[in-house]
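Hi everyone, thanks for making time for this one.

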Amino acid sequence: MNTRELRETFLLDQLYAPGEIRLNYLDLDRAVVGFAAPLGAPIALPTYPELRAAFFTERRALGALNIGGGGTVTVEGKAWDLANLDVLYIGLGNPEILFASSDAAKPAIFYLLSYPAHAAHPVTLVRRAEASPTELGSFETCNKRTVCKYIHLAGARSCQLVMGVTHLAQGSNWNTIPPHTHMRRSEVYMYFNLAPAARVVHLMGPPDETRHLVAADKQVALSPGWSIHAGVGTEAYSFCWGMGGENQDYADMDPAPVESLR
């Protein structure tokens, strides 16, 4: 694939639009990914012909990460307040879901990731401080980072969705080094907290046949099970990682040592 073909297939660069909800249906484990960016009026989560469902969560679950100002997610009439970097898990069987900003001047930005679900789990709010922050890497290797796990086996329970956020420390640029693959699960990276002129060079492909995508703020890189997913930024940044597939074991990875990369 050339650069255009790679970007068309593995990078979603037009999902965020203020005042709108934009979603993309993927053939990777039938994931749905996108943003709800309400301003003055709430935005309802619709269903889509591709889902063949009476409502969006009829047969799937949803994770909503707020990367903007304060906001609310209303599920079946109950409002949940989300501050910056809070996550709400919404299980299957909830027909009415609304997204709203507390202040249109400082709007909420909800990043949405959904996978099919075959078991019901309750709506669960996970605050940023409750997300099991773990320090990894070092300044010497330029990958000092904090990994926060929100939806996982030891946190908010789901049918198959796993979701978290990694924050790079100032002066660090590399994420997920050494890289890995996991054929049991696809993975989706959404990069954020990037300045308008900053970029992340996202590495992908088999370890012995790598390619790259150049990603900007609020852009999404798609990673099939056979592909590594790692990257280096022109400045420190954050990214939301989400997975779905055969299992929810965060530690289930097939390492790809740096010296094996080509």
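Let's begin with C148, which is buried at a relative accessible area of 4%; buried here means under 20% relative accessible area, exposed means over 50%, and partly exposed is in between, with a 1.4 Å probe and protein chains only. Before going on, a word on where this comes from: it is a predicted model, in which local features need pLDDT of at least 70 and side-chain atom pairs count only at pLDDT 80 or more, while totals for chains, interfaces and linings use all residues. Residues are numbered from 1 along each chain as its sequence is written, and side-chain values use heavy atoms, with hydrogens and water left out.

Back to the cysteines. How many disulfides does the structure hold? The count is 0, where a disulfide is a pair of cysteine sulfur atoms within 2.5 Å. For C148, which is in no disulfide, the nearest cysteine sulfur belongs to C240 and is 11 Å away.

Now the pockets. Points are joined across faces, edges and corners, and a volume is the space filled by probe spheres set on them.

The largest pocket comes to about 280 Å³. Its lining has 18 residues, and R145, T176, H180, Y250 and M253 lie nearest the centre. Two or more lining residues come from each of β13 (145–151), β17 (185–192) and β22 (238–245); strands here are DSSP runs of E with at least two residues, helices are runs of H or I with at least four, and both are numbered from the N terminus. Which element gives the most to this lining? That is β22, with 3 residues.

By class, the lining splits into 12 nonpolar, 4 polar and 2 charged residues. Nonpolar covers Ala, Val, Leu, Ile, Met, Phe, Trp, Tyr, Cys and Pro, charged covers Asp, Glu, Lys and Arg, and the others, Gly among them, are polar. The second largest pocket has a volume of about 150 Å³, and its lining divides into 5 nonpolar, 1 polar and 5 charged. Among its lining residues are R30, E50, E58, R59 and R60.

On to the rings. The whole structure has 9 aromatic pairs, meaning Phe, Tyr and Trp (six-membered ring) with centres within 6.5 Å; planes under 30 degrees apart are stacked, over 60 edge-to-face, and the rest tilted. F10 and W226 sit 6.3 Å apart by ring centres with planes at 90°, so they are edge-to-face. F10 is in helix α1 and W226 in the loop between β20 and β21, so this pair ties together parts 216 residues apart in sequence. F10 is buried at 10%, while W226 is partly exposed at 40%.

Y191 and F239 make a tilted pair, at 5.8 Å and 45°. Since Y191 lies in β17 and F239 in β22, the pair ties together parts 48 residues apart in sequence.

Last, the hairpin. Strands β18 (200–204) and β19 (211–215) pair antiparallel over 5 bridges, where pairing takes at least two bridges found by DSSP. One of the bridges joins L203 to H212. Between the strands are 6 residues, and G205 in the turn has a positive phi of about 100°.

Technical notes
1 Å grid on protein atoms, 1.4 Å probe; cavity = no way out; pocket = protein on both sides within 12 Å on 5 of 7 lines; lining within 4 Å.
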